[in-house]
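Visitor: I have a structure to look at. Please walk me through a few spots.

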Amino acid sequence: MLTPLQRQILGAIAGSDGMSRTDLVQFSGMSKAAVSGVVREMIDAGFLFEAETVSSAGQGRPSVRLMVHPEGAYFAGVSLLQDPAHMVLINLHGDILSRVTFPLSNVPQKLAEDIAVALPGLLEPHTGAAEKLLGLGVTLSGFIDEHQSTCVQSALLGWRDIPLASLVSEATGVDVAIENDAKALAVSEKRFGHARELSSFSLVSHGAGIGSAHFIAGHLYRGAHGGAGEIAHSTIELNGAPCRCGKRGCLDTIASVNAVMQAAKAEKLNASSMAELEQLALQGNNQAVRILHHAGTALGLAVSHLIQINDPEMILIAHQEGAFNGLFGTVVQQSIDANVLPGVAGMTPVRTFSLNDDTWARAAASISAHRFLAGPDSTVR
Ligand SMILES: [Zn+2]
């Protein structure tokens, strides 16, 4: 459908605010005539369109910016992080066009068939989507191999070495990539979200569990075994509480939403969410203040380590609605500032945003979009 060069050009334009043909001559090293021919083909195929702008100096001929046509291609994404499983359809701008849910099965073959059964319902509301569906992504909690095809291990789903991408691809007839949840969200933020302009950043997802992922020099960093970013099981308290992983004192046992809510339950506090616990703290409940302070300090400490190790341009924290606009969020920031080298305190901006029902499925779809736009080798070990 598109040649490797055309995909490179599409990827470059998608990562910008539009490029002129002259920009593309510089980018590709091709002649102006050759670029014009390639661009014409891509406009005819529906991947690009021309947006006219006046030159900044206000003189000469207006330059024509080439933009990615949002309806040039579509991608589906499935999140296995909740039951029912969520599935969305996105376009080349990352806009969500439709969504479906179906009961989550942890039997791989059954899951692949369920996705295949749900897919037509996802595509049906959007004319032309079936013909232009270029990939399907699946995101889950666990280790994924570097080819984004095999789930090496998932405690949540009880899986080991499951070739999920090929199972789903055989069932649906679509090109499939799978990815760890936090890594998929980092890709989604890089491609369509808060990190579009960033080359190196770390994302932390704060939910029932904690995840993180890193972009380094423009690439998702995977690590030697796919485990880069597993801060949830970094030891934060020596000889601390036992963790489900078998160790003690992991970040997850102190700062995850599950850990915080368990601590609140142990204190018999009347709170069923972080937001409600914040409300109690605001009313002066000492136990609520102590729990949020303890958890926030731990998360800030872990984030300070990310900053010391990677020196990212930004830390992005994705969190549950209402979890970061009170004491917890304030303590996290204070703990980061207190635990990085004094000379760099305050130099790494921390940006927070709320997770919603669509977040993980859209992140899954983003994986396929990113592979299409940046190529399958878009991650580094
Ligand atoms: Zn652990």
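Visitor: Which residues is H319 in contact with, leaving aside its neighbours within four places in sequence?

Guide: This is a predicted model, where local features need pLDDT of at least 70, side-chain atom pairs count only at pLDDT 80 or more, and totals for chains, interfaces and linings use all residues. Residues are numbered from 1 along each chain as its sequence is written, and side-chain values use heavy atoms, leaving out hydrogens and water. Contact means heavy atoms within 4.5 Å. By that rule, the partners of H319 are H206, F324, T352, F353, S354 and L355.

Visitor: Is H319 buried or exposed?

Guide: Buried means under 20% relative accessible area, exposed over 50%, and partly exposed in between, with a 1.4 Å probe and protein chains only. H319 has 6% relative accessibility, so it counts as buried.

Visitor: And M347, buried or exposed?

Guide: M347 lies in the loop between α11 (327-339) and β15 (350-354). Helices (H or I, at least four residues) and strands (E, at least two) are DSSP runs, numbered from the N terminus. The relative accessibility of M347 is 58%, so M347 counts as exposed.

Visitor: How many bridges pair β11 with β12?

Guide: Two strands pair if DSSP finds at least two bridges between them. β11 (residues 201-206) and β12 form a hairpin with three residues between them. S202 stands opposite H214 in β12. The pairing is antiparallel, and its bridges number six.

Visitor: How many disulfides does a search of the whole structure find?

Guide: A disulfide is a pair of cysteine sulfur atoms within 2.5 Å. The search of the whole structure gives a count of zero.
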